[in-house]
There are 2 protein chains.
Amino acid sequence: MERQREPARRPGGRAARVRAAVHQAVADLAGDRGYGNFTVGDVAARAGVADTSIYRRWGNLEALLSDVAITRLTMTSPTPDTGSLEGDLRTYAATAARDVAGPDGMAILRLALSLSNSGQPGLEARDAFLAERTRQLQAMLDRARDRGEHPPDVLQVLDLILSPMYIRILFGTGPLTPAYTDELVDRLLCLHTAAGEE
Amino acid sequence: MERQREPARRPGGRAARVRAAVHQAVADLAGDRGYGNFTVGDVAARAGVADTSIYRRWGNLEALLSDVAITRLTMTSPTPDTGSLEGDLRTYAATAARDVAGPDGMAILRLALSLSNSGQPGLEARDAFLAERTRQLQAMLDRARDRGEHPPDVLQVLDLILSPMYIRILFGTGPLTPAYTDELVDRLLCLHTAAGEE
């Protein structure tokens, strides 16, 4: 996701330090004010860098927000590789439940709502965020197919595992217990089998 | 949902006019500024009533917001009564798809996020909102049971029909076509049958 338009740089060099400072500034501002309530100028001031450094690297605020969210999710919740589709889905659901129930879960919903309301750059940033998460999940499902298993598609995982978790937390209709997250996986496997694709 | 703490009043009387003006003011302010960005004072000024009239009737801003949302949803999307569980579920899903894809869908998500972030009064208002929608949906499912059918429970309808719609619109992963909403109902009926409850 890192958009390096310049020649390769040493890791840990100035570019990496700027990136870390900018990411931290976004996380702080999102926590303090919420998405939609700060500008590139605010981020630059908090990170101690020039506005132009941010525009040059990310293009606009929306792309920066999306980059921060995807980097964070990818670091804290890489897609699993347990050796079986069912194992991967159960681990994935358990990790997602932890993320969705924590502060990052509401932050992702707030970010998505904010981006949906930010015109074309917002929609593009939202799509970039989703494309990256989809790519990671697709790689997990492709590994299952390579083993000779018959995985569901990404949208089925979104509909049957992630969506109920987000809405359940948002509307407070129940905790994401291990039994519940396992039930979500059971439903996905059951429907997938019923559809004759297994 | 109307909290009438005073003796019965004539419909169309002053209380009804105040209620209509306050509801309209909330809708206008939510559209202009978004949830979380206006106060009881703002609503009172816009509606041309005293702050105390609002506090006396609704108690706090969160309860008022929840009342407005539930009134609007109940009016525009009453739960169906077609004479069969499958008919009711298909009509319910089609109506919900229309609501979720329209401005009210994002407004409900914004409201829920805002209430989740407003401390105890917000959580209570969110729960009151959900309890009323649950009550309406439960009545529809109870009618099916009274006919001798074997309906799913409300949380299954939330997980399998409403949640995927909300997240699909929020993340822009696909339109809520009639084929898609029917597929959501098919999944619910299939899982419910597979669970041996039909």
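Predicted model: local features only at pLDDT ≥ 70, side-chain atom pairs only at ≥ 80, totals over all residues.
On the side of domain 1 of chain A that touches domain 2 of chain A, the residues divide into 2 nonpolar, 2 polar and 1 charged.

Domain 1 of chain A spans residues 1-59, and domain 2 of chain A spans residues 69-194. Their C-alpha centres lie 26 Å apart. The contact between them is made by 5 residues of domain 1 of chain A and 7 residues of domain 2 of chain A. Together the two domains bury about 540 Å², and 73% of that area is on carbon and sulfur atoms.

From the boundary within chain A, we can turn to the one between the chains. The size of an interface is often given as the accessible area lost when the parts come together. For chain A and chain B this buried area is about 3,000 Å², with 70% of it on carbon and sulfur atoms. In chain A, the residues that lose the most area to chain B are Leu113(A), Asp159(A) and Phe171(A), which together account for 23% of what that side buries. Each chain brings 33 residues to the contact.

The rule finds 4 salt bridges between chain A and chain B. Asp159(A), already named for the area it loses to chain B, forms a salt bridge with Arg168(B), and the closest N and O atoms of this pair are 3.4 Å apart.

Which helices of chain A each supply at least two residues of the side that touches chain B? They are α6 (103-116), α7 (119-146), α8 (154-170) and α9 (178-194). Of the side of chain A that touches chain B, α8(A) provides the largest share, with 12 residues. Sorted by class, that side of chain A has 21 nonpolar residues, alongside 6 polar and 6 charged ones.

How values were computed:
Residues numbered from 1 in each chain as written. Chains lettered and ligands numbered in written order. Heavy atoms only, no water. Contact = heavy atoms within 4.5 Å. Buried area = accessible area lost by both parts, 1.4 Å probe. Salt bridge = Lys/Arg side-chain N within 4 Å of Asp/Glu carboxyl O. Helix = DSSP H or I, 4+ residues; strand = E, 2+ residues; numbered from the N terminus. Nonpolar A, V, L, I, M, F, W, Y, C, P; charged D, E, K, R; others polar. Domains from an automatic or database assignment.
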